[in-house]
Every structure is written in C-alpha cells, then in structure tokens.
Amino acid sequence: NQKRKKAVQIQESIRRILFEEWDPIGVNSFATDDEYDFYVGGFKDLMVTGKNYSARHNLLENIWRAKS
C-alpha cells in the first residue's frame, strides 16, 4: 500500500533527524539509534495534522527538558 510506505518513510526520516541531528543528550555516537523512537509518533502527528512551528518546537523543547 502506497500510503503505508509513505508513512514508514516519514517516520524513518523523523527518527533519523531526532537521533542524528537533534540528539539533545548526546548519545548518537554510542547508543543504539532507537533512543528517541518513543517521540517519533507524536512528532509525526504534529506534522501530518499541519500544526505550526511553535507546536513542533514546544514538543522538542519538552522532550529535551525531560531527557536533561
């Protein structure tokens, strides 16, 4: 199914960005790449529903605070 493939691609892209680029606790050099998987679904939902930049920023900020 094409929609399912696209959803998986989006989730993998978000996963990669969170782990490789964002990585607020600095684990991407030694941890497994599933460190932030718990947050992928919430972030994908914000993207798909068209939530604004502020909502996405707030989600990342809350995750960062919880992990710090």
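I read the element order first: from the N terminus, the protein runs α-α-α. That makes three helices and zero strands. Helices here are DSSP runs of H or I with at least four residues, strands are E runs of at least two, and both are numbered from the N terminus.

**Ground rules.** This is a predicted model, so I note that local features need pLDDT of at least 70, that side-chain atom pairs count only at pLDDT 80 or more, and that totals for chains, interfaces and linings use all residues. Residues are numbered from 1 along each chain as its sequence is written, and side-chain values use heavy atoms, with hydrogens and water left out.

**Confidence.** I checked pLDDT, the predictor's confidence in each residue from 0 to 100. The protein averages 83, and 96% of the residues score at least 70. Which element has the lowest mean pLDDT? I find helix α3 (residues 53-67) there, with 77. Helix α1 has the highest mean, 88.

**Overall dimensions.** I took the box along the principal axes: the C-alpha atoms fill roughly 35 × 25 × 15 Å. Next I looked up burial. Buried means under 20% relative accessible area, exposed means over 50%, and partly exposed lies in between (1.4 Å probe, protein chains only). Of the 68 residues, 19% count as buried. I also looked at contacts, meaning heavy atoms within 4.5 Å. Among contacts with a separation of 6 or more, 37% come from residues 24 or more positions apart.

**Core.** I searched for nonpolar cores. Such a core is a set of buried Ala, Val, Leu, Ile, Met, Phe, Trp, Tyr and Cys residues joined through side-chain atoms within 4.5 Å. The largest has nine residues: I14, L18, F19, V27, Y36, Y39, V40, F43 and I63. Helices α1 (2-22) and α2 (37-48) each supply at least two residues of this core.

**Aromatic pairs.** I applied the ring criterion to Phe, Tyr and Trp (its six-membered ring): centres within 6.5 Å, with planes under 30 degrees apart stacked, over 60 edge-to-face and the rest tilted. The structure holds three aromatic pairs. I opened F19 and Y36. Their ring centres are 6.4 Å apart and their planes stand at 50 degrees, so this pair is tilted. F19 lies in helix α1 and Y36 in the loop between α1 and α2, so the pair ties together parts 17 residues apart in sequence. Both F19 and Y36 are buried. F19, W22 and Y36 form one aromatic cluster.

**D23.** Is D23 buried or exposed? It counts as buried, because its relative accessibility is 11%. I then looked for a polar contact: a pair of N or O atoms within 3.5 Å, where within protein one must be able to donate a hydrogen and the other to accept it, and residues adjacent in sequence count only if both atoms are side-chain atoms. The side chains of D23 and Y36 make one, at 2.6 Å. Not counting residues up to four places away in sequence, D23 touches L18, N28 and Y36.

**Salt bridges.** How many does the structure hold? I count three.

- R15 and E12 have their closest N and O atoms 3.8 Å apart. The two are three residues apart in helix α1, so about one helical turn separates them. E12 is partly exposed, at 38%.
- R15 and D33 meet at 3.2 Å, N to O. This pair links distant parts of the chain, R15 in helix α1 and D33 in the loop between α1 and α2, 18 residues apart. D33 is partly exposed, with 43%.
- R15 and D37 bring N and O to 2.7 Å. R15 lies in helix α1 and D37 in helix α2, so the pair ties together parts 22 residues apart in sequence. D37 counts as partly exposed, at 31%.

I log E12, R15, D33 and D37 as linked in a network of salt bridges.

**K44.** Last, I looked up K44, found in helix α2. What does K44 contact, leaving aside neighbours within four places in sequence? I list A7, I10, Q11 and I14. K44 and A55 are eleven residues apart in sequence and 12 Å apart in space, C-alpha to C-alpha.

Methods
Salt bridge = Lys/Arg side-chain N within 4 Å of Asp/Glu carboxyl O.
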